[in-house]
Amino acid sequence: MLHLSKGDLDAAEKIYLRSLAIREKIEGTENPNVASTLSALGTTYLKKENFAQAEAAYRRVLAIREKSLGAEHVDVASALYSLSSVYTRRGDYTRAEPLLKRALAIQEKAEPDSFYVALTLNNLAYLYSETGDFEQAETLYTRSLALHEKLFGPEHAFVATPLNSLAVLYRTKGDYLRAEPMLKRALAIQEKTVGAEHEDTAIALNSLALLYSDRGDNERALPLLQRALAIREKTAGAESSTVAATLSSIANIYNGRGDHARAIELYRRALAMVEKTLGAESPLYAAVLSNLAVAHSDERDFTQAEALFKKSLAIREKTLGADHPDLAISLSNLAYVYFAQNEFAREAPLYRRALAITEKAYGANHPNVGTYLANLSTIYWGRGDTAGTLRLLARNADLRERNLALILTAGSEEQKRRYMATLANETDATVSFHVRSAPNERGAAELALTTVLRRKGRVLDAMTDQIGALRRRLNMQDRALLDQLSRARSELARLQLKESAGEAAAAERKAEKARLETDIERLEGEVGARSAEFRTEARPVTLDAVRASIPAGAALVELVLYRPFDPKATGKSRFGAPGYVAYVLTKDAPAPLWVELGETEAIDREIAAWRRALTNPASLEVRERGRALDERLMRPVRKLSGAARHLLLSPDGALNLIPFGALVDEQNKYLLESYTITYLTSGRDLLRLGLGARSRQPPVVVANPRFGEATTAGAIAAAAAARSRAAEQPAPNALAAAPSRRSVEMSNINFLPLPGTKGEAAALNTILPGVVVLTEARASESAVKVLSAPRILHIATHGFFLPDQKRVEASEANARGLALGDASTTASRGENPLLRSGLALAGANERGGADGEDGVLTAYEAAGLDLWGTRLVVLSACETGVGEVQNGDGVYGLRRALVLAGSETQVMSLWQVSDDATRDLMIAYYRLLQDGAGRGDALRQVQLAMLAGGQRAGDGQNKRGLDVRPGGNRPGGNWSHPFYWAAFIGSGAWQSMSENRAGAPQ
């Protein structure tokens, strides 16, 4: 027993054989003691995967015990259980089931609450799970778990086995929300009780990894699988079937990343192991064979792939039966081979059969059903069957939405992002179907827009909902959890801005960074788990609901970046060059209108050129470039928006970084002169704007921070920048240190004073009733972090956004039809963009703000502010509205952070702004707000005044800013260039501060 427990199977086998020989000689071959030794020997053979010898040993045990003890003895039940394990491991479930049933009957009769009953229930449940009888499996797993917990308590190692088994069943059924916490609990129990290197721990690691992989999070899955592999190689031997199964799972990840050669090598290794241990007719052999075929298919070796898929299919039909859900996987994969070769006639029946099997086994809402629906739709599409394609795409869209509503309630932001990435192909295809194949079909247009409204910016929505749910019912436990998350983010932000001297310090910093990132992911997951318990039911996203939320005289303009999909093309060419399309929806329109705007590459080039002109106050190209870009973007939209003069714009891609009001129409007028423009993350925002909590503090103004002493090098850079600006010749990085611009480059860490912010704070102190003004040393990071839902938060200081290293572009080489993609094939993210965006506050130059803070409030930290109830946040600084653009998910920077924090409206800048002009703009803006103007209209009125010739304010306290109130003067001056007035945009709610979304006073 000692050798067996230590995993020394060869030594155990020798000792048991010797003991058996002695006992047989002394006691005879039919003695019960001989059966006990035979049973131990059989267990050794089973662990060595020597199934023939294990079966022979267990059969002898059963025969001896039945003869000597009687057919109903509990020891006979034990022999039946052991013999069934041989057949179960080999996938021979037909022979295993009657043995387990008989063993269970004997055990329940003798002692219904015994450990042996619990074990047998678990094994019988596993058998039903593997054969597709999930209802029966769940019933038995639940009984087994309850009995284990009753016998041993909730934290015993024995409890982890049925807990893991039940969780795997939920994962198989697509119920990831129930599966994940159970799998994590099972892993924690195993690590605590049997240790980090035990084979049972490897089972838990493997199960959790496969769940992450199912959700598209292979970055998290791979290290768990690698750890499980190392344990299994050590405990079960390098050639065991468990090692083979883990190798195959690892190969799946490499194959998804496009490393087909490496994947094929691992698959072949795994296949050889399975053939040696379980045989070439086992379910595991069929599974690895199918995975190997996928790799050959992805390498476009369709002849080899087809042969392997057919062989896998034959094995599964023979061993599992014609209706087993694993069969659907082989059918779907074989169908893909025909799909890739445009053999629709051969493909369609396979997908239909896969769909029927999966629906019967898992129900109509399983994720795999969605995959087969999407893939089947491409066949109808390729055949030109518009009605059939639309029907399948619509059914799949509803299925995905039901699953999204559940899956996105749990997990960290990164996990949510990865799962959404798995749906990118389907989203693009749905838009493509409408735009390219069914342009005149109202149903196709409605489906495309509905899909965009449901998915665009969905991760931001989900994260905001999680935090909001906790804020709404904040108790001590919730507060402590949010405080932990906030502290961890702050530590990571400080670490990110901290310099490392020497390799040792850099290595230590890297290790600490990894630890903090892991903690943050864990805490975000806990926030999701807690908020899911009491989240309110989300309002369904339908066109009718969104249409009803559009104000009279307004038009929703949903701008979408998509990759056109061609079902008849092959390989990479299935997805064409990305393009922009605009959908326009008004309150009274019976259906959405739309227009294709062109390829993103050409439009984005024009955007970049126009932004260069906008950010240079001396540029004379602003109107010309604005007119050219308007011709591409907004003139086609204006033809659809009709008489609407309020545009609710939801940009995508690089369109997030431009001020649409500065575009120039065919009458040479800025759009600002004709339209009020409100920016949204998605038209779905209309369903939730104005529904937040009430404010808990008066307005707060943070301005003119005392940054601390600047370094000599930084001062020299600032002086050079000032000279360059005076000569109207911008120098490289000059804006970073220029004293009259509210921006900074983190490499030039000096933050120089901003005189305009002092006057700005003084003026707002007279305009806003009850305002709290924090300046100089009081304008600190810690002071901002302790705020609790001020009605208004205004911060006037230096802002920054730093670019990242160039990222690896996404590849569609592995897109299997429209099936769920692997999130690892999307663009890999570099340094978190929320750590590269932020605001400078007191002590920033000395990295020594109050209360141990470093004086730099990153967007990552700002996301943890308590702004649930804040009606308006104004960042009177540079580049606070820019960040890293994530197609379909908005801008990752301060803009996103403030939404996550709960603010209702955000006013931010798109480039490095003038200190003087910004001061005047802000003072005028708040005066209009106090006069009752809407948050959106007030900004427009100020900008119109600047365009018309607004000048700098005088020195008198009541004359600061631009007089743009009704009847006020509009003096000529020097702020008419869009550089000064177009930088600031308003996002979110646009109504008056005294009204909620429905227009009722608050």
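**A helix and its surroundings**

Tutor: Among the elements that cover the buried residues of helix H6 are helix H5 (74-90), helix H7 (115-130) and helix H16 (302-320). Contact here means heavy atoms within 4.5 Å, and buried means under 20% relative accessible area, with exposed over 50% and partly exposed in between (1.4 Å probe, protein chains only). Helices (H or I, at least four residues) and strands (E, at least two) are DSSP runs, numbered from the N terminus.

The model is predicted: local features need pLDDT of at least 70 and side-chain atom pairs count only at pLDDT 80 or more, while totals for chains, interfaces and linings use all residues. Residues are numbered from 1 along each chain as its sequence is written, and side-chain values use heavy atoms, leaving out hydrogens and water.

H6 runs over residues 93-110, and at 1.5 Å a residue its 18 residues should span 26 Å. The end C-alpha atoms are 26 Å apart, which agrees; the expected span is 1.5 Å times one less than the number of residues. The buried residues of H6 are Tyr 93, Ala 96, Leu 99, Leu 100, Ala 103, Leu 104, Ile 106 and Gln 107. Seen down the helix axis, they fall within an arc of 165°, so they line one face of H6. That arc is taken over the directions from the helix axis to the C-beta atoms. On the face of H6 turned away from the buried side are the exposed residues Thr 94 and Lys 109.

After H8 comes Gly 153, with a positive phi near 90°.

H17 (residues 325-340) and H18 (residues 344-362) also pack on each other: their axes come within 8 Å and cross at roughly 160°. Axes are lines fitted to C-alpha atoms, for helices over the stretch in contact, and angles run from 0 to 180 degrees between N-to-C directions. The angle makes H17 roughly antiparallel to H18; under 35 degrees counts as roughly parallel, over 145 as roughly antiparallel, 65 to 115 as roughly perpendicular and the rest as oblique. The contact includes Leu 327, Leu 331 and Phe 339 of H17, and Leu 350, Ile 357 and Tyr 362 of H18. H17 passes H18 in a left-handed crossing, a term for the near helix being turned anticlockwise from the far one by less than a right angle, with right-handed for clockwise. In the loop between H17 and H18 lies Asn 342. Asn 342 is not a glycine, yet its phi is positive, about 60°. With a relative accessible area of 31%, Asn 342 is partly exposed.

The axes of helix H20 (residues 386-407) and helix H23 (residues 442-455) come within 11 Å and cross at roughly 15°. That makes H20 roughly parallel to H23, and their crossing is left-handed. Among the residues that meet are Leu 390, Leu 393 and Leu 404 in H20, and Ala 444 and Leu 447 in H23. Helix H32 (residues 755-767) and helix H36 (residues 915-930) pack at about 10°, with their axes 9 Å apart. H32 is thus roughly parallel to H36. Their contact includes Ala 763, Leu 764 and Ile 767 of H32, and Met 922, Ile 923 and Tyr 926 of H36.

Two single residues remain. Leu 229 lies in helix H12 (residues 218-235) and is buried, with a relative accessible area of 12%. Glu 776 is found in strand S7 (residues 772-776). Glu 776 has a positive phi of about 50° although it is not a glycine, and at 36% relative accessibility it counts as partly exposed.

As for the chain as a whole, it has 38 helices and 16 strands, and 58% of its 1002 residues count as buried.
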